[in-house]
Amino acid sequence: MNTNKKLSDNKQGTSHPSPLGEVPGIRLLDEFPSSVRLFLFDMDGVLYNSMPNHVIAWQESMKSFDLEMSVDDVYATEGMRGVETIQRMVKEQQQRIIDEEEALRMYNEKARIFATLPEAPVMEGVMEVMNKIQQADMLIGVVTGSAQRPLLERLEQDFGMFVPSHRVVSAFDVSRGKPAPDPYLMGLKKAGDIPATEAVVVENAPMGVRAGVAAGIFTVAVNSGPLPNSVLAGEGAHIVFDDMPQFRDNWDELFLKR
């Protein structure tokens with residue numbers, strides 16, 4: 001991978017010039033796709049401002065199983081299949097290995113609590129981004145680690161005009177979740193076997209960024225959480241934006257003027 005990088009990390013109080021001009025929060029490598037046919041979006045923290053609800057649900061549910069999960073833990077593991085997150089926590093904190101069936105029972109408690117919380121709003125700016133993509137005759141898919149069916153049903157309701165159900169990848173479609181490349185490779189396949197070099201991933205979480213990069217796809221990080229931009233850049237994100245509106249405001253220059 002080309003390491004000629006320029007980084008500005010607004011969330012850490014530093015700023016450097018970027019290839020887009022004086023745009024704060026952007027890190028760009030020279031490896032830019034020559035043509036883009038497909039955008040693959042993560043769901044939580046990208047399409048929906050749902051991560052605060054996930055923090056509450058994870059912390060309350062795991063407490064009942066004598067597991068501790070900090071806010072940073074939730075954001076750092078976001079994008080993984082829930083059962084894999086739980087198996088990892090149990091191994092680290094309780095020094096035991098549990099099977100997927102037991103992990104699923106624990107995850108169902110997390111999903112139950114999540115369902116009692118107020119509905120998360122659609123992320124500011126994402127509808128405009130999807131409109132731009134659609135108007136440019138590019139395809140859109142969603143790749144999420146979620147196994148919560150109400151969330152997946154809401155996805156169809158809110159974004160069905162952009163993303164048909166056959167271009168949605170969830171935890172039910174893969175046996176290995178993020179940070180493995182499998183979910184994004186499945187996203188390419190579901191979109192019609194689009195080459196990785198003709199796709200773009202839009203992520204907000206370290207595990208998701210790592211998965212997109214591992215799949216060989218140009219990966220844009222939109223930082224919707226408390227982690228510093230440098231964490232997302234460190235996982236290999238080709239561009240890091242401070243938030244979705246900043247991505248929206250720079251979309252034309254990135255993808256139409258090349």
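**Exercise 1. Find which residues line the second largest pocket nearest its centre.**

Solution. This is a predicted model: local features need pLDDT of at least 70, side-chain atom pairs count only at pLDDT 80 or more, and totals for chains, interfaces and linings use all residues. Residues are numbered from 1 along each chain as its sequence is written, and side-chain values use heavy atoms, without hydrogens and water.

Step 1. On a 1 Å grid over the protein atoms alone, a pocket is an open set of points with protein on both sides within 12 Å along at least five of seven lines; a cavity is a set where a 1.4 Å probe fits but cannot get out; lining residues have an atom within 4 Å of a point.

Step 2. Read the lining. The second largest pocket has 13 lining residues, and Val83, Leu104, Ala147, Ala171 and Phe172 lie nearest its centre.

Step 3. Assign elements. Helices (H or I, at least four residues) and strands (E, at least two) are DSSP runs, numbered from the N terminus. Two or more lining residues come from each of α3 (82–94) and α4. The largest share, five residues, is from α4.

**Exercise 2. Sort residues of α6 into buried and exposed.**

Solution. Step 1. Buried means under 20% relative accessible area, exposed over 50%, partly exposed in between (1.4 Å probe, protein chains only). Step 2. Leu151, Leu152, Arg154, Leu155, Asp158 and Phe159 are the buried residues of α6. These cover an arc of only 160° around the axis (directions from the helix axis to the C-beta atoms), which puts them on the same side of α6. Step 3. Pro150, Glu153, Glu156 and Gln157 are exposed on the other side of α6. Step 4. The cover over the buried residues includes α1 (51–63), α4, α5 (126–135), β2 (139–143) and β3 (168–169), where contact means heavy atoms within 4.5 Å.

**Exercise 3. Give the strand order of the open sheet.**

Solution. Step 1. Two strands pair if DSSP finds at least two bridges between them. Step 2. The six strands run β3-β2-β1-β4-β5-β6, with parallel pairing. Step 3. Step 4. β4 (residues 199–203) and β5 (residues 218–222) pair over four bridges. Val202 has Val220 in β5 as its bridge partner.

**Exercise 4. Locate the largest cavity.**

Solution. Step 1. The count is one cavity of 30 Å³ or more. Step 2. The largest cavity holds about 210 Å³ of space. Step 3. Of its 19 lining residues, Trp58, Glu78, Gly79, Met80 and Lys110 are the closest to its centre. Step 4. α1, α2 (71–77), α3 and α4 each give two or more residues. The largest share, three residues, comes from α1. Step 5. The lining has six nonpolar, nine polar and four charged residues.

Note on methods: Grid points are joined across faces, edges and corners, and a volume is the space filled by probe spheres set on the points. Ala, Val, Leu, Ile, Met, Phe, Trp, Tyr, Cys and Pro count as nonpolar, Asp, Glu, Lys and Arg as charged, and the others, Gly among them, as polar.
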